[in-house]
Amino acid sequence: MGGNLAKNTVYLTAASVAQKALAFLYFMLLARVMMPERTGTYFLALSLTTIFSVLTDFGITPVVIREIAKQTDRAPELIRQALGIKLPCIVLGIVGSVLAAWILGYNPIILQLMCLAALVMAADAISLLYYGALRGFHALQFESLGIFLGQLCTMLLGGAALLFYPSLHVLVIVLIAGSVLNAVFSAWQVVRRLGPSVLVPAWDRVQAKRLLSVAFPFALAGIFVKVYSYVDTVFLSLYLGTAAVGVYSVAYKFTYAFQFLPMAFVAALYPGMSALAAGDRRRLGELFDRSMWYM
């Protein structure tokens with residue numbers, strides 16, 4: 001288990017370093033070309049959809065990771081049930097984000113960008129589930145490769161757009177391309193492992209009720225984290241305007257880029273601890289003690 005944890009941490013750390021570096025360079029180029037007003041509009045649209053992205057998952061993915069890590073033979077059933085719940089949740093998240101933008105009285109450009117960003121949110125919700133399933137199998141190398149390829153795609157296409165046709169709508173479409181690439185790649189890796197049945201959503205009322213009840217604490221935590229992380233952008237836009245958001249977003253992105261190490265470590269640690277929690281409590285305690293020192 002320790003070897004898998006170290007290996008998975010290295011995979012995700014390397015990918016996260018590369019992804020964060022590319023994302024930071026891309027955002028710096030975007031801010032330089034688009035200037036504060038349009039950069040703020042872009043960041044605001046993405047921030048609003050990110051707040052509502054918690055509804056598209058509702059804490060289901062952490063439960064899927066945990067349960068697959070404990071019982072790998074139940075993986076296809078869990079993934080299909082989770083997909084059956086997530087699809088209406090994705091619709092709810094899209095409607096909620098667009099409705100919030102309309103209630104807050106944002107201009108038509110922001111509303112248009114949010115409608116496009118909602119597609120990014122939907123694709124990310126799908127990839128989150130399938131990457132979560134792979135985490136349950138301790139196969140984090142695929143997620144590592146996927147997040148790097150998705151960011152590389154976004155940077156190359158976005159860089160070309162900034163050089164030849166700097167449009168906010170095109171830049172969000174570029175994000176859609178990167179997110180769809182990740183969704184297809186993650187789903188393909190799970191299909192290779194478990195078969196095409198994992199692409200078909202299933203619905204069982206008893207199973208869904210159980211899954212949602214277990215997922216609720218994760219959903220509650222996710223809601224607080226998303227609101228805490230992005231509500232400041234909304235307040236800035238309402239009180240100081242999108243130009244202020246543009247200036248603020250550069251500093252925000254700079255500090256966010258350095259979160260990769262603890263995030264990668266915890267992502268690798270969680271399925272490992274989940275697997276041990278089902279049986280070997282002594283080794284679970286040892287892993288927890290070591291992980292606290294590493295953190």
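This passage describes the surroundings of Gly246 and the salt bridges of the structure. The model is predicted, so that local features need pLDDT of at least 70 and side-chain atom pairs count only at pLDDT 80 or more, whereas totals for chains, interfaces and linings use all residues. Residues are numbered from 1 along each chain as its sequence is written, and side-chain values use heavy atoms, with hydrogens and water left out.

Gly246 is part of helix α8 (residues 242-256), where helices are DSSP runs of H or I with at least four residues, numbered from the N terminus. Gly246 is buried, at a relative accessible area of 3%; buried denotes under 20% relative accessible area, exposed over 50%, and partly exposed the range in between, with a 1.4 Å probe and protein chains only. Beyond its neighbours within four places in sequence, Gly246 is in contact (heavy atoms within 4.5 Å) with Pro36, Thr39 and Gly40. Arg38 stands 208 residues from Gly246 in sequence, yet their C-alpha atoms are 7.2 Å apart.

The structure contains 4 salt bridges, each defined by a side-chain nitrogen of Lys or Arg within 4 Å of a carboxyl oxygen of Asp or Glu. One of them joins the side chains of Asp57 and Lys86 at 2.6 Å, N to O; because Asp57 belongs to helix α1 (residues 2-57) and Lys86 to helix α3 (residues 75-103), this pair ties together parts that are 29 residues apart in sequence. Asp57 is buried at 8% relative accessibility, and Lys86 is buried at 0%. Another salt bridge links Glu67 and Arg66 at 3.4 Å, N to O, with Glu67 buried at 7% and Arg66 partly exposed at 23%.

Notes: Helices (H or I, at least four residues) and strands (E, at least two) are DSSP runs, numbered from the N terminus.
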